Every structure is written in structure tokens, then in C-alpha cells.
Amino acid sequence: MSAKAISEQTGKEFLYKYICTAAAVQNRFRYANVTTETDWERLTQEHPWLLTEKLVVKPDQLIKRRGKLGLVGINLDLPGVQDWVKSRLMKETMVAKAKGVLKNFLIEPFVEHAQSDEFYVCVYAAREGDYILFHHEGGVEVGDVDAKAERLLVPVDDKLSEEQVTEKLLAHVSEEKKGVLASFIVGLFNLYEDLYFTYLEINPLVVTGDGVYVLDMAAKIDATADYICKAKWGDVEFPPPFGREAYPEEAYIADLDAKSGASLKLTLLNPRGRIWTMVAGGGASVVYSDTICDLGGVDELANYGEYSGAPSEQQTYDYAKTILSLITREKHPQGKVLIIGGSIANFTNVAATFKGIVRAIKDYQGPLKEHEVTIFVRRGGPNYQEGLRVMGEVGKTTGIPIHVFGTETHMTAIVGMAMGHRPIPNQPPMDAHTANFLLNAGCNATPANTRTASFSEPKSAGEATPPKKPKAGFQAGNWTIVPSFTSALPFPLHPLPGVFVSPPAKATTLFSRHTKSIVWGMQTRAVQGMLDFDYVCSRDEPSVAAMVYPFTGDHKQKFYWGHKEILVPVYKSMDDAMKKHSDVDVLISFASLRSAFDSTMETMQHPQIRTIAIIAEGIPEAQTRKIIKTADEKGVTIIGPATVGGIKPGCFKIGNTGGMLDNILASKLYRPGSVAYVSRSGGMSNELNNIISRTTDGVYEGVAIGGDRYPGSTFMDHVLRYQDTPGVQMIVVLGEIGGTEEYRICQGIGEGRITKPVVCWCIGTCATMFTSEVQFGHAGACANQASETAVAKNQALRDAGAYVPKSFDELGDVIKTVYDGLVANGTIVPAQEVPPPTVPMDYSWARELGLIRKPASFMTSICDERGQELIYAGMPITEVFKEEMGLGGVLGLLWFQRRLPRYACQFIEMCLMVTADHGPAVSGAHNTIVCARAGKDLISCLTSGLLTIGDRFGGALDAAAKQFSKAFDSGMLPMEFVNKMKKDGKLIMGIGHRVKSINNPDMRVQILKDFVKQNFPASQMLDYALNVEKITTSKKPNLILNVDGFIGVAFVDLLRTCGGFTRDEADEFVEIGSLNGIFVLGRSMGFIGHYLDQKRLKQGLYRHPWDDISYVLPEHMSM
């Protein structure tokens, strides 16, 4: 989630610290917090004004309209405040439908003032910019400010002036207060922008002769901007909505989520409930909650949560065991059910994640049987058949009733089974195995052109379709609002005058069979999936022309095109890629959330790009809105952010959209159908592929616009494209709670702009049944007003003439009914099916499925780095340290000409031990072994290994020490250092590991860290590096401070603080390469060991196998 509510105290702290205004802001930092732990005597010592001034006290727990609820104590002395708090502290209170406990209070000075001194001001974000609402009468009785307040839109990237504020907002304010208010509002707006607020309301804002007083405040900030605002925000606490407790299990999962590149969410609704869920996917998790509530289970629904984004087996295990521990705490007279559901995954290896769940089930098998828990499983996606098999097996071996279903079963059917509303099949039909799809020998021919290109494809020669001229009163992209229609809407649709001026028209056709793209990021798996899709669609050429990756030099990357291997160029510079591939008009960006904004803005400087897909989740909303504004000005269509992309069967697919080939083939995405869809959720888009392929002639095009509050393109943008595309005969929209975009579809139908049948369903209907606010998996899935609820939007769509099912369960039936009608009246003429070509299976995937085996190329008996702990000749690294060897003292004398303290000698010895070896697979050991097997002597073999040491292998100690020292000494904050390295396109040396991660820590680093903390006089450089690690691991869990980086920064601390060196001497030892010497000396021990091992094992001459070499000759030579 992006927009998160903060406490009033946090909001005021930000305001008092950072607002810049000529207005005199009074009572800065004069507030005191009271909880059950408060010591009143100490509180008065810290805040002596509590003893001398009249006071105001109120709960600070995200409660709206506290004044009207009698939850504000006014004009009290300290004893009065104590009595007021005592009568309410830890007492249950009803606020609207939410029942909660009052436990956190805020005390502030009472401000004597007149009613005429009170004003209302609010700043909130919208797609087109930020609105400022101002009313000259504030306070408890302010009423409907949306109707009464003056409103000023500050378009995206525009600045606000005092003149604008005075002219547009302060017409009813007395002259003596206009200057103060104008200055304060401009300062407030600048603060709002600088600190990435999304909502900031002050009511009342009091203005007297003394200055400005902020009495009551409510605010939300964009939590995804933490990496930008960390220096100003500090560690922000986000309190739960009133009526919902903050459980330690929620905090544990939130911590796992922060350390993971995946998405892990958990909200406890009713810990005593009978129905528990563990759902994969942000959209799917909402659909399952909807279905449970629709079937009458709202009071028994225990939790909301999701796991998605390809979590590892360990992460899934940690998530599952948390759920299972909660389920098995209290018994229920009817027993309990656990629904392990999900849509069809695009890229998550289902079998791998299910292994983690299976481990947790085995650990909790006793309590699960004791609490009579029945488990229902439904899943699809890569390797899902193996995942379902192991899930079924664990049910048989443990005796726990586990019912397992795949893609042949409707996604939410298991909910009805779990709640007793539909029978449980004895032997559910199972789709064919992944391998059967990919190794099907029955499809040898590829008569691509014998099949109609589309069921209703236009027969014009040109590929691209120009945008149609909109009807009067309705314009695609930039709306001309029709008063007669909008007056019937449950909220105002504001036109946007002056924001966009005649932007270039965007293309109706985004993709064709000849579309070429550039992929930003080294996403080889996604690119290979695109090429396999191209091949199975019988495209003439690959859809990926090049890749851009700024962290390497220009090179070529190897991929498969059917049976043969091809090379795809990889460029360091976007400019170079664009110049050399002028036929490219699509960019697929896998840039991280930190770099996606800059790389996207850079891409839009190239006019050849007409479509950009932004995959990253967690881009700050302010940056997304700037992207949208620039894209609209340049006529570029943005898909995303926070999306899997989109697919046009037979033509083009974005990244991982549609999943692996088995799902592409099962859902018939290799050829076009007649149905186009648009969805927010990526996982649910794949479910729509499945539903549409089973109920119609298939998908013509599908787009997942992304789950953020401000997607780059909207539902209506794509619905209008589909309306203007002859090949599309019906449209499916999967909407969502939050936002008002679905009302644009109502408007389009009502005005006759949309004439094709539209089947639409908005997920999130359960939200209106919950007593407290629940933030669902997508950032935009939260209703801020009644009109944004899924229930209201579904009814509006139904009233407008769209086909709206009663629930998601019935969506497939409604789609089939509409489709059958179009076939019956001749609008759609189903075409004859033609089998697609087969695509060979990748070696790695064949091995994953257990279809092949391969002999090892090496044998080793001295080192094993694969487990939790490094092992030398059978002895764990922790045992090695128990041997007291004196090499550190000798090295201190020979290298540094000093007698180093004992702890420094021990540290050097530890460095030598942990750097001695890391297995036969690294380049140095590989060279040593090959040389030994060629019969060479020890010195030659050792030298061949040592010659590989450099920046890429083993030489990061010096570079890490220099980079971190320079940043630390120059006074840069860790976040500034990370951002600068990212901007400069440089890797941070000493950060990152191929195997280890924050969730699978390197024991070597942990051992050294503990020693340094216990024995070094100071560790400023190490602490700085660990703060950098916190930032990098929030992006990707394997971007840890590795052993090279640790030794580098710790050695700087040692040299600077042990007392044996001047500062200049310490810096000189770093500069001349002494730290890399530690690595060379330590690793030489391992290289010698490998040499002796090969001699002892009498290994013969090594020759690399042919099947592990790709022979790629120039084409003219092969001819």
C-alpha cells in the first residue's frame, strides 16, 4: 500500500520541523503523548507547560470527527486531563461500526480564540494534480466541505503562489488575515509535496493576532517514498485503523515483506474466526474475501492476506507457519477451514512455494488435526501440477483432510465447498502435465496462415489503426464532461481545464505481429518467455530487439528461438539502443522502483516509443503522476506501474504475462479470439485468460493496468481502444474497489460512445461488510468515499447497461451468455482451430520437472559452500575458529610493522579463515583444478587461480573500503550514497551475493560482525555500511553486505581506531591494496588445497563437454 495514515502527533511533528512560511506557527512541538505506560511525574518534567497552561486532550488513533463524538476534552487543567483520560483509557468505544479500545492520547495547550478565527484547509492528491480545499468557517460544525469549500487545483509539476491562493481561496477572508493565510497555505503545500503527503487536513486552523495554530490534523503519506524521505521522516509508525488491533503476527509478516522482493501481507480481522485464507495474489485475495462474505461468512472470516511476487520456499514457509500458528490457538465447535487459493500465476513457481507450505503443514500436523482443520487448495501456474501433487500427498501422509484442485476448477469454487454450499468432487478432473503441453509430439506442422488472423480481424492492409474521432461531448483520454449525464453520478467528475492542451492522440493499436520492443533490465527469463510466445505464434521475427542494462558494458545475450540459439544485443545506454533499433516502439521496463521514474522519463525523450510497460511496484505516486503527465503530452501509452503487463494473442506479450507455455497453450493465447479485457490485477488477468478461453473463442487482447492508485492508463483508455478495434466484439472489465474510473465506463455507455457489449465486475464488495477499514493488496484498493466502493460501482454499471454478474463466481457464466448471443446473431463466427508449433523445453525447466539428469563436471572433497555454513574439509567454519592459530600476529608484524592488539590479530585470522575457500565453482578454484588435472606443478596451478582475482572476483575489499570511506568522510547519508551510485550507474562494491540473502544470511558475515561489535573500540564505518545494507535489501533481499564488503569496511575501522596508526597511515594502507592482500593470502590456502585434492583423487585431464558450449558462427560463414 502507498497512502498510509499517520498519527496526528507524527503529522504535526513533520509540519513543525519542516514547514517554511512567513506566518508565525505557534505551539511548535508542544504536545505530550499519554498511554498506559505513562509516568505523569516524568511527563511534567519533560513538558513543564502541562502544569501552567489550560489544556486540550484527545485520542490519537485515526478517529474521525472526535469533537462530535465527545472525544475531545477542552480547557482543562492537568488534574482535569488526568481524570478525563482515566475515565476513557483502555475502555471500549464505538465509532461508527468500529468497536475499539482507547489507548493513545495527545495533550496540547488550549488556544483561546473566537469562532471567526477558525478556518478549514485540506490538500489531497488526484490523478491530474493536487487539490486545495479551503473554507472560511472551520471547526466541528464545518459540515460538507466538498460542497462548501473553495477548491484550487495545482496541476502536476506546477508551483503554487500566494497570489493564486489569495485570488482563488481567500475571497471570504478578512484583509488582515489574507497575507498570513496565503503564506501558510503555500508553505503547507510545499511541505505536502516535499514530504510526499497524499492527504493533509487541518480543521480547525486558527489564525489570531499571535499567528497560526494547528489545532486538529489528519494526514496520510506515501509510504513508498521512504527511500526518498527517510532522512526527514525517520522511522515512521503507521497505526492500524481504529477498531483493529495491531497484532505481533502482522508486524512479523510486515517485517518479512520489507526484507523480501516478494509481497507478503496479513491483516487479522477476527482471530477466533472459523474461515482462514492463504491466497496468492493481490487481486485474487480480494476475490476470495468477496466470495466468503457473499456466502455469509463475513463474521467467521479470520484474516485477509496475500503472498505473491515469487516468494522463496523459506519465505512461504515463514508465512504459512504464521497462519497455521494462529489457526491452532483456539478451537471452534464446527472445526476450521483453511483456503489456500490463488489465480493462475504468471511467473511464480507454484511447486516451489507449495514446498514451503507443505513444510509448515508437517510441522503443525498435530495441532491441525486436534483443531479439526480442513484444507482446500486451488492453484494454477508454472509447475502447478507438481505443487498440487505434493499438497495432496501431504494430506494422505498426515491424515489431514486436504482437497486439491487445479485450473479445471473455477477459482472460487473451493470457497463454496469449504462453506458447505457446493459438493466436493471425489476425483476432480486434472489438466495435462506441463511436460505434456511442451513435449507434445502430435503437433508437428505450423500452418500459421491457414487460420484467420482473428475471428473478426479487419482485412485492411495496414497494421496500425488510427484513433477514431470521438463523439461530441466525449473525448478519449481527456474528458469533456456532459452535464446531463454527470449530474446523475454519485460524485462530481471534474473537467480538467488547462491541464492538458491538445495532447497528441494515442494509438488504438498498441501491438501487432511486427511489434519490436526493448527490455530494460537483465530479465532473461521474461525475455525467453516472450521469444517462446513469439515462436508459438509463428511470428517471423522475435519481438525483443534489444535489452538495456546500465550496470554492464555492451554485449550480447544468448536466447533460444525455437530450436536454435540467437544473440540479443544488450546496451549500457538507452540512447545507443534507440539509435541502433529505430523500428522499436515499445519499452518493457523491469527497472526497480528507485530507478523506474528516471529510466521512464529518459525513454519518453525518444519519440519512436509509443508504449511503455512499467512492471515495478512501489513507485511513489508523485513520480507516477509526473510520468502520466509527460506521457499524455507526448502521446505515449503507459501500462502500469505495478503490473505484469498485457498480451495480444498471436502478436505480442509483455514480459511474464500469460505465464509459461503450458498456460499459453491451455488458454489458447497463441491465436486471437474475439474478447478483449482490461484488469487491474496481473494474476487475475491470467485467470481471465483461463475463464475467457473456456467460455468463448478466446482473448483478442488483454491488459493489466496495475494496482496503483494512479495507473498510467485507465480502464476507459483501453475500453475505448477496444471499442474502436474491429476485431474486438465484446469487452470484459475486472474493476476494483477504490477510485472512480469505472464511472467513466458508465458515462461512455450512457453517451453511446461504447456500443459493444461490456461485461464488468468490480472486486472488493466485502469491504462494506467489515467494521474497520482494510487495505487490500493493491495500493489503489481502498475506498475513500461511498462512491468508490465496489458495491456502488457494480450497481452504477448495471444501471448504465453493462452486463454485471451477481458475484465473481458467475462472471464466467455471464461472459458465456453474452458470447453465445453474439455467435447466435452472427456477430462472431468461430474459426477452425489449428494446432500451434511445439517449442523445445529448456534444460533448467526439464530438470525442474525431473525429466533429465546430468553428471557433475567436478569432484571436490575439501570444501562445501552450499549449506547454511561454510565447511572446510568436513569442519564447519565455527569449529575452525575454536583453533587458536597465531597467523594474525605474524601478519601484523610483516605487513603493518606494528604489534597489533590481540583482538586485531584475532580479526585478521578470522578474515583469513573465512576467505580461505568458497568451493570449486568460482573462477580461481576452477582455474587451479583444471591446471592440476593437466599435470602442472603447484606453483603454476596456484598462479593460474590467483590471476583471476580482480574487481569481479575477490578484489572488492579495497574498492568497498574506498567507496564507503569516501561517502562516510564526505558526510553523505546512506540513502544519498545509494541514490548517487544508482544515478551514476555504478555498483556498490561489497554489496550483493549470488546465494545468500537477508532471509538466508551468510554465517561468515554474522560471525565477524559479532566479533567486531564485542571487541572493536568503535565501528562507525561498519555501522554506516549496515545502514546502506538496510536500504539495498529493501529493494532485493540478496543485496546484502557480503563478506568482501564486510572485511573492507571493518578493516578501515580497525586501522583508524586501534591506536597504532595515524589517520594518514590508515588511509595509505587502504590505498596501496593491503586489504586485497588479505583475500589473496587467505584464498591461496584454498587454491593449494584444491591442487592437492585433485592429485590425491588422481583426476585425469579435464575436457569441457561439447553440449555445454554454444557454437555461434556468423550467418554468412554458416551459409
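I'm calling a residue buried when its relative accessible area is under 20%, exposed when that value is over 50%, and partly exposed in between. One reminder to myself before I start: this is a predicted model.

Next I looked for disulfides and found zero in the structure. For cysteine 537, the nearest cysteine sulfur belongs to cysteine 651 and sits 7.5 Å away, and cysteine 537 is in no disulfide.

**Cis peptide bonds**

I looked up two prolines here. Asparagine 203 and proline 204 are joined by a cis peptide bond, with omega at about 0°. I placed proline 204 in strand 11, which covers residues 197-208.

Glycine 640 and proline 641 also have a cis peptide bond between them, again with omega about 0°. Proline 641 is in a loop, with strand 26 (637-639) on one side and strand 27 (646-648) on the other.

**Positive phi**

Which way does phi go at asparagine 27, positive or negative? I get a positive value near 60°, and this residue is not a glycine. Asparagine 27 belongs to the loop that links helix 1 (8-18) and strand 2 (32-34). Buried or exposed? Asparagine 27 has a relative accessible area of 16%, and since the cut-off for buried is under 20%, it counts as buried.

Glutamate 372 went on my list too: its phi is positive, near 55°, and it is likewise a residue other than glycine. I found glutamate 372 in the loop between helix 12 (365-370) and strand 18 (373-378). Its relative accessibility is 53%, so I wrote glutamate 372 down as exposed.

**Surface patch**

Last stop was a nonpolar patch on the surface. Which residues make it up? They are Tyr843, Leu851 and Ile852, and together they have about 260 Å² of accessible area. I followed up on leucine 851, which lies in the loop between helix 27 (843-848) and strand 33 (863-864). With a relative accessible area of 41%, leucine 851 is partly exposed.

Conventions:
Residues numbered from 1 in each chain as written. Predicted model: local features only at pLDDT ≥ 70, side-chain atom pairs only at ≥ 80, totals over all residues. Heavy atoms only, no water. Patch = residues over 30% accessible without salt bridge, like charges linked within 9 Å, V, L, I, M, F, W, Y side chains within 5 Å. Areas by Shrake-Rupley, 256 points an atom, 1.4 Å probe, with all protein chains shown as cover. Salt bridge = Lys/Arg side-chain N within 4 Å of Asp/Glu carboxyl O. Helix = DSSP H or I, 4+ residues; strand = E, 2+ residues; numbered from the N terminus. Buried < 20%, exposed > 50% of the residue type's maximum accessible area, 1.4 Å probe, protein only. Disulfide = S-S within 2.5 Å.
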